[in-house]
Amino acid sequence: MTAYWIAHVTVTDPVAYADYQTLAPAAFAAHGGRFLARGGTSEVLEGPELSRHVVIEFPTLDAAKACYASDAYQRAKHSRVTAAIVHVVIVDGLPGSPANA
């Protein structure tokens, strides 16, 4: 079943964050990840203001977890530790949704 990686990000150092943006996509692709939303225009309706929102679709929950645990992603993550405040959640898709049909 499809799973989604949802990240809410506040970038504190755009130059250092650019390194993460260069490294991370290869890790996502290696695990079947596909960007559905990536830092576009957004409007906060409730909760704190965050500067970026990212949604990545993975073929399975296991693939999403494996991506996060991978050496490639951990290298990318290390490059952004001081560059952003990040909240990442991985969630299963719903049975019967278009991606899972």
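**Serine 70 and beyond**

Guide: Leaving out neighbours within four places in sequence, serine 70 is in contact (heavy atoms within 4.5 Å) with Ala27 and His31. This is a predicted model, in which local features need pLDDT of at least 70 and side-chain atom pairs count only at pLDDT 80 or more, while totals for chains, interfaces and linings use all residues. Residues are numbered from 1 along each chain as its sequence is written, and side-chain values use heavy atoms, with hydrogens and water left out.

Visitor: Where is serine 70 found?
Guide: Serine 70 lies in the loop between α2 (61–69) and α3 (71–80), helices being DSSP runs of H or I with at least four residues, and strands runs of E with at least two, numbered from the N terminus.

Visitor: Is serine 70 buried or exposed?
Guide: Serine 70 has a relative accessible area of 12%, so it counts as buried (under 20%, with exposed over 50% and partly exposed in between, using a 1.4 Å probe and protein chains only).

Visitor: And what lies 3.1 Å from a polar atom of its side chain?
Guide: That is the backbone nitrogen of tyrosine 73.

Visitor: Switching to arginine 80, what does it touch?
Guide: Arginine 80, placed in helix α3, touches Tyr17, Tyr20, Tyr73 and Val86, not counting residues up to four places away in sequence.

Visitor: Now the strands: how many bridges join β1 to β4?
Guide: Nine bridges join β1 to the antiparallel strand β4 (residues 84–92), and valine 11 has alanine 84 as its bridge partner in β4.

Technical notes:
Pairing = 2+ DSSP bridges. Polar contact = N/O pair within 3.5 Å; in protein donor to acceptor, adjacent residues only side chain to side chain.
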